[in-house]
Structures are given as C-alpha cells and as structure tokens.
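User: Can you walk me through this one? I'd like to start with the charged contacts.

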Amino acid sequence: MGNRFREKVVEEGLEAEVQSPVVDDTATGEAEPEASQEESKPTKGSKAMRGVGKVLGGDLLADNLVLKQIPLLMLCLLFLLLIVANRYRVESLSREKMAVMERINDLREHRIQMQQQYQKSVKISQIVEDLSQTGVGITSGPPYEI
C-alpha cells in the first residue's frame with residue numbers, strides 16, 4: 001500500500017527535485033552523479049497538457065478532493081438558481097409597477113379634465129341662479145334686436 005500521498009505526488013509530477021545518488025569512484029577519487037538532472041525536470045507544457053487532459057478526460061471529477069466538495073457545489077448551484085429566479089421576479093414586478101404608474105398618470109389626467117368640466121358647469125349654473133334671482137333670464141337662442 002505504501003504512502004498514498006507520495007504515490008499521488010509522483011503520478012502528478014509534483015515531486016520536488018530529488019538529488020540523484022552519488023557514486024563514489026574510488027579509483028579517481030571523484031564523486032559523479034549517476035543520471036542527469038535535466039531528464040527528471042518536467043516542462044511547463046507537459047504539466048499544462050496533463051491538467052487539460054485530466055479535465056477533459058473526467059479524471060478531475062473522480063478525484064476524492066472534488067468528490068468531497070460536491071455538497072458545497074450543490075449549495076452554490078442552489079444559491080445561483082435562487083439569485084436568477086429572484087432577479088426574474090424583480091424584473092417582472094418592475095415592469096408591472098411601470099404599467100401601474102402609467103395607468104395612474106392616465107387616470108390622474110382624466111380626473112383633472114373631468115374636474116375642469118365640472119368647474120365650468122358649476123360656474124354657468126351659478127351665473128344662471130344669480131341672474132334668475134334678479135329677474136333677468138337667459139335666452140336659449142341667439143340675441144335679437146328689438
């Protein structure tokens with residue numbers, strides 16, 4: 001079984017540089033490394049390709065770290081849906097409010113016109129009443145010369 005973390009790090013290429021073992025050449029008295037360190041260094045392009053391959057292949061979703069976060073992701077999705085639904089509701093209420101405000105303005109204008117007509121008719125009837133008390137009548141036809 002071994003160390004799972006170390007195996008995972010080695011698979012993903014995240015392992016730090018490891019010093020290669022030193023071989024002691026007793027004949028010459030010099031120590032030389034066995035292998036070149038350049039071969040073990042991963043390049044940036046290969047890391048990026050491995051990450052993209054992991055996402056496209058679906059390995060990212062099968063990772064335990066991601067599987068543990070699924071409830072949190074579902075909660076975030078729920079909140080996102082609530083935000084979208086709330087925005088839609090607010091926009092529809094806003095449109096309804098604008099329609100009601102327009103209707104109120106139309107009714108207000110109509111009330112003002114009706115009030116003006118009423119005031120005009122009240123003035124005429126008041127004049128007729130005042131004239132009838134003095135004995136002067138109002139003719140229903142055009143004036144004529146005597």
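Analyst: Glu 91 and Arg 95 pair through their side chains in a salt bridge, 3.7 Å from N to O. Keep in mind that this is a predicted model.

User: How far apart are Glu 91 and Arg 95 in helix H5?
Analyst: Four residues, so about one helical turn separates Glu 91 from Arg 95.

User: How many salt bridges does a search of the whole structure find?
Analyst: Two. Glu 91 also meets Arg 87, at 3.4 Å from N to O.

User: Is Glu 91 exposed or partly exposed?
Analyst: Partly exposed, at 34% relative accessibility. Arg 87 is exposed at 59%, and Arg 95 is exposed at 52%.

User: Switching topic. Which residues make the nonpolar surface patch?
Analyst: Leu 67, Ile 70, Leu 73, Met 74, Leu 77, Leu 80, Leu 81 and Val 84. The patch covers about 760 Å². Helix H5, residues 70-134, gives the largest share, seven residues.

User: What about Ile 70?
Analyst: Ile 70 lies in H5. Its relative accessible area is 39%, so Ile 70 counts as partly exposed.

User: What span should H5 have?
Analyst: At 1.5 Å a residue, its 65 residues should span 96 Å. The end C-alpha atoms are 95 Å apart, which agrees.

User: And what follows H5?
Analyst: Gly 135, with a positive phi near 100°.

How values were computed: Residues numbered from 1 in each chain as written. Predicted model: local features only at pLDDT ≥ 70, side-chain atom pairs only at ≥ 80, totals over all residues. Heavy atoms only, no water. Patch = residues over 30% accessible without salt bridge, like charges linked within 9 Å, V, L, I, M, F, W, Y side chains within 5 Å. Areas by Shrake-Rupley, 256 points an atom, 1.4 Å probe, with all protein chains shown as cover. Salt bridge = Lys/Arg side-chain N within 4 Å of Asp/Glu carboxyl O. Helix = DSSP H or I, 4+ residues; strand = E, 2+ residues; numbered from the N terminus. Buried < 20%, exposed > 50% of the residue type's maximum accessible area, 1.4 Å probe, protein only. Expected span 1.5 Å × (residues − 1).
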